[in-house]
Amino acid sequence: MPQAPFPLSPSLWAATAAAPPPTQPLAASAQADVLVVGGGYAGLSTALHLAERGVRVVLLEAREIGFGGSGRNGGQVIPGLKYDPDALISLFGAERGERLIRFAGSTADTVFNLIERHGMDVPHVRGGWIQGAHTAKALRLAHDRAAQWARLGADVQPLDRAQVARLIGTDRYQGGWVDRRAGAIQPLSYVRGLARAALSAGAVIHTGSPVTGLTRAGGKWTAATAGGPAVTADRVVMCTNAYGGDLLPGLKASIIDANTFQVATAPLPEAVRAGILPEGHVTSDTRNLLLYFRLDHQGRLLMGGRGPFREPKGQQDWAHLERVMLKLFPQVAGSPFEYRWCGRVAVTRDYLPHLHEPEPGLLVDIGCQGRGVGLQTSMGRAMAQYVATGDANALPVPLSPVVPFPLYGLRRLYVNAVVSWYRMTDGGV
Ligand SMILES: Cc1cc2nc3c(=O)[nH]c(=O)nc-3n(C[C@H](O)[C@H](O)[C@H](O)COP(=O)(O)OP(=O)(O)OC[C@H]3O[C@@H](n4cnc5c(N)ncnc54)[C@H](O)[C@@H]3O)c2cc1C
């Protein structure tokens, strides 16, 4: 598992989140119907939805709730996948493709409904997402994307250059589209809210309890933990995404665990804030090395984007993002940068989320592609339904074998080459 040289404490989210529910390391061996490994959105949503069905669930988290991507992300809740609806029909056929589109189109609803239903203490706003187009070609594709979702009845709209300039507060984009199903959350508060809801529903959660081995005997799975005690269960659901180690042979090598970096300013003066994302949208753009930005609930401007593949060595690893933010929004120049943090996302070869069942009773969810707030929450609900009912139609994507990247050991070289190529082809800001 990647270590965190910049632990959660200096991130914006750790500084402003609701407190986590009290949890302890696993102190004595335990039995469950289902063991969930990983305390992010996917694992906690699985645990919550299983517990609500009366299933006995134990969740083991290696570090703390939200230690992985779920406590570090940009908090943009965006429906959809990397592929547009028409492409999903081409890839999966009409019946399965339409089911996947419905699933992908409802992922933001899932998050906002859960926040409401469980009365979670999570700052959130459902102001929509604008995708800014960085070239004329990207603008044509963005408008086509909007048209595809509009045909399906989604609340979306193409935007021209002047509309995007007004709604984002910078004239650097050629236009774009807005998806009003989307919104923003405080991501660490949300994952902690999911943990509280899962505990209230009857799930048992142990933090500081890394699973070190999974074995199957007599139809039961046993998870050994670093501390000594074990959990025995009929089924296991693995939700370790980009933060998993070598628990399952080949799994780590089936993704690239790319690092993405974020900076946040101090709360902006009212006059400056009023001109940036004035209607409460969140934004990302069409670059391959995409930039994503939003205001938080206290008026800070956050921006995320590429960073080194390795773990950061110091502030200089965020300097490029700070320069980009000042180019897009020169008006924030007087406000200091308050927070810098980063985290890993799991990218698969086909840019689709993957579900595997390498052995009976072992379900594995991996590959959020960096858009996992809604996706992984919804995936957890779908996996809970599958585990509880055995109905494979509950799963949005078909179960597939684990396929490692070729030449995985050279992935740093590969990622660095791809990043250099994209930096050239994306053009400057
Ligand atoms: C910087 C950043 C910005 C992002 N921005 C956005 C955004 O704005 N919008 C969006 O939709 N998505 C975004 N994402 C992606 C999103 O955060 C992830 O898709 C999502 O959080 C993944 O959730 P998860 O539950 O699958 O995995 P994670 O949250 O990564 O959870 C996996 C957990 O498994 C635990 N674990 C690993 N191994 C073991 C073990 N052996 N035993 C026990 N526990 C183990 C880890 O400690 C970790 O807590 C971003 C990600 C990052 C890193």
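**Exercise 1.** How many Å separate the centres of domain 1 and domain 2, taken over C-alpha atoms?

*Solution.* The structure is a predicted model, in which local features need pLDDT of at least 70 and side-chain atom pairs count only at pLDDT 80 or more, while totals for chains, interfaces and linings use all residues. Residues are numbered from 1 along each chain as its sequence is written, and side-chain values use heavy atoms, with hydrogens and water left out.

Step 1. Identify the domains, whose bounds come from an automatic or database domain assignment: domain 1 is 1-126 + 184-254 + 346-429, and domain 2 is 127-183 + 256-345.

Step 2. Between their centres, over C-alpha atoms, lie 24 Å.

Step 3. To the contact (heavy atoms within 4.5 Å), domain 1 brings 57 residues and domain 2 brings 53 residues.

**Exercise 2.** State the area buried between domain 1 and domain 2.

*Solution.* Step 1. Buried area is the accessible area (1.4 Å probe) that two parts lose on being put together, summed over both.

Step 2. For domain 1 and domain 2 this area is about 4500 Å². Carbon and sulfur atoms give 61% of it.

**Exercise 3.** Determine how many salt bridges are counted between domain 1 and domain 2, and describe the pair formed by Arg 145.

*Solution.* Step 1. Apply the criterion: a side-chain nitrogen of Lys or Arg within 4 Å of a carboxyl oxygen of Asp or Glu.

Step 2. The count between domain 1 and domain 2 is 2 salt bridges.

Step 3. Arg 145 pairs with Asp 84 in a salt bridge, and their closest N and O atoms are 2.7 Å apart.
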